[in-house]
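These are my notebook entries on one chain, written up in the order in which I looked things up.

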Amino acid sequence: MLRAQCHDRDALELLLKSVQPVLRRYVNSLIGADDADDILQDVLIIISRKVYWLEQPDVFRAWAFRIASRAAFRHLRKRKRRVDAIVDDAPLDGIAAPDIMASDDTILELLDSPVLTPASRAVLVLHFREEMPLAHVAAVLEIPLGTVKSRLAFGLKTLRRHLAAEDTDGTRP
């Protein structure tokens with residue numbers, strides 16, 4: 001990290017390569033695979049431009065997730081505005097409902113399920129998949145700890161409901 005901050009290109013590339021897989025998985029969980037690579041590229045460019053200003057190298061991982069969160073939520077807001085504009089001009093009957101993916105028994109695989117809101121999904125992914133404590137999740141997402149806990153509870157409740165619905169439908173063994 002320190003070598004990267006001292007304008008060592010090889011160190012910067014190594015740093016970006018080390019964080020790229022987890023950020024890709026995180027961004028993909030939030031916005032879907034279609035736009036994840038474009039957003040990830042923007043995130044890596046921001047990181048490479050601003051890494052020199054990071055005063056505490058030990059918070060690099062959380063800082064990178066914060067940048068990825070901001071970029072993903074900004075993209076989701078833009079996407080929502082585009083969809084809202086289309087919805088306003090089109091009859092609602094012509095819009096297909098999103099498909100709900102089949103889920104497995106583990107919570108880690110359910111995290112990519114579209115039944116979750118992006119806000120809850122971000123909390124669940126950071127806490128369960130990236131194994132961040134709730135206080136760090138709050139710092140990354142720049143929200144109060146109480147909000148993190150409520151989004152976590154809401155997300156888990158939604159996943160439990162989704163699993164229960166699959167059990168009653170007979171789609172899960």
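Before comparing two helices I noted what an axis is: a line fitted to C-alpha atoms, for helices over the stretch in contact, with angles running from 0 to 180 degrees between N-to-C directions. I also noted that helices (H or I, at least four residues) and strands (E, at least two) are DSSP runs, numbered from the N terminus.

Entry on the source. I am working with a predicted model, in which local features need pLDDT of at least 70 and side-chain atom pairs count only at pLDDT 80 or more, while totals for chains, interfaces and linings use all residues. Residues are numbered from 1 along each chain as its sequence is written, and side-chain values use heavy atoms, with hydrogens and water left out.

Entry on the whole chain. I found 8 helices and 0 strands, so that the order from the N terminus reads α-α-α-α-α-α-α-α. Of the 173 residues, 38% are buried, where buried means under 20% relative accessible area, exposed over 50%, and partly exposed in between (1.4 Å probe, protein chains only). Taking contact as heavy atoms within 4.5 Å, I noted that 62% of the contacts with a separation of 6 or more join residues 24 or more positions apart.

Entry on a helix pair. How do helix α6 and helix α7 pack? Helix α6 (residues 118-129) and helix α7 (residues 134-141) meet at an angle of about 135 degrees, and their axes are 9 Å apart. That angle makes α6 oblique to α7, because angles under 35 degrees count as roughly parallel, over 145 as roughly antiparallel, 65 to 115 as roughly perpendicular and the rest as oblique. On the α6 side the contact is made by A122, V123, L126 and H127, and on the α7 side by L134, V137, V140 and L141. Sorted by class, this contact of α6 with α7 holds 7 nonpolar residues, 1 polar residue and no charged residues; Ala, Val, Leu, Ile, Met, Phe, Trp, Tyr, Cys and Pro count as nonpolar, Asp, Glu, Lys and Arg as charged, and the others, Gly among them, as polar.

Entry on backbone angles. Most residues other than glycine have a negative phi. H7 lies in the loop between α1 (2-5) and α2 (9-31), and H7 is exposed, with a relative accessible area of 61%. E142, also not a glycine, has a positive phi near 55 degrees. E142 sits in the loop between α7 and α8 (145-169) and is partly exposed, with a relative accessible area of 43%.
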